[in-house]
Amino acid sequence: MKDGKGILAGILGVTVLGLLAAGPAWAKEARLHVIQGGPAYFNAGIGAFNAAGVEPGPGHRGNATLPEIDLEYQSASKLFGIGALWGIVANTNGGFMGYTGFYSDIA
């Protein structure tokens, strides 16, 4: 099982590197422009956790649909048009998740 995850991670890594290498030529041909600068953003949102009403397998408690809030910060600093973001999602039952990632503004 562990080896399968390593292989999947390797395939994903090679795919991402290939897209990064081919990205500028493809973007120029498609007349896309990556925005290099700009202000930082703070986003807030509300929604519903488990809005689709997915039920777990047999022997588990049901998953209730709960109100949630999402807070996210996108940095203004970018390297090659790619910036960092950080966020947290929390629901009214005490569940929460923090996340981080990358973003790019494309016109």
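User: A polar contact is a pair of N or O atoms within 3.5 Å; within protein, one must be able to donate a hydrogen and the other to accept it, and residues adjacent in sequence count only if both atoms are side-chain atoms. With which side chain does the side chain of Gln74 make a polar contact?

Analyst: The model is predicted, so local features need pLDDT of at least 70 and side-chain atom pairs count only at pLDDT 80 or more, while totals for chains, interfaces and linings use all residues. Residues are numbered from 1 along each chain as its sequence is written, and side-chain values use heavy atoms, with hydrogens and water left out. Gln74 has its place in strand β2. At 3.2 Å, the polar contact of its side chain is with the side chain of Glu72.

User: Does Gln74 count as buried or exposed?

Analyst: Beyond its neighbours within four places in sequence, Gln74 is in contact (heavy atoms within 4.5 Å) with residues including Tyr41, Leu85 and Tyr103. Buried means under 20% relative accessible area, exposed over 50%, and partly exposed in between, with a 1.4 Å probe and protein chains only. The relative accessibility of Gln74 is 14%, so Gln74 counts as buried.

User: In what order do the elements of the protein run from the N terminus on?

Analyst: Elements are DSSP runs numbered from the N terminus: helices (H or I) have at least four residues and strands (E) at least two. From the N terminus on, the order is α-β-β-β-β.

User: Which strand gives the largest share of the nonpolar patch?

Analyst: Phe42, Ile46, Ile69, Leu71, Tyr73, Trp86, Ile88 and Phe96 make a nonpolar surface patch of about 890 Å². Two or more residues each come from β1 (41–49), β2 (66–79) and β3 (82–91). With three residues, the largest share is that of β2.

User: Why is the aromatic pair of Tyr73 and Trp86 classed as it is?

Analyst: The structure holds one aromatic pair. Rings of Phe, Tyr and Trp (its six-membered ring) pair if their centres lie within 6.5 Å; planes under 30 degrees apart count as stacked, over 60 as edge-to-face and the rest as tilted. Because the planes of Tyr73 and Trp86 are at 15°, with ring centres 6.1 Å apart, the pair is stacked.

User: What is the relative accessible area of Trp86?

Analyst: Trp86 is found in strand β3. Tyr73 counts as partly exposed at 37% relative accessibility. Trp86 is also partly exposed, and its relative accessible area is 44%.

Note on methods
Patch = residues over 30% accessible without salt bridge, like charges linked within 9 Å, V, L, I, M, F, W, Y side chains within 5 Å. Areas by Shrake-Rupley, 256 points an atom, 1.4 Å probe, with all protein chains shown as cover. Salt bridge = Lys/Arg side-chain N within 4 Å of Asp/Glu carboxyl O.
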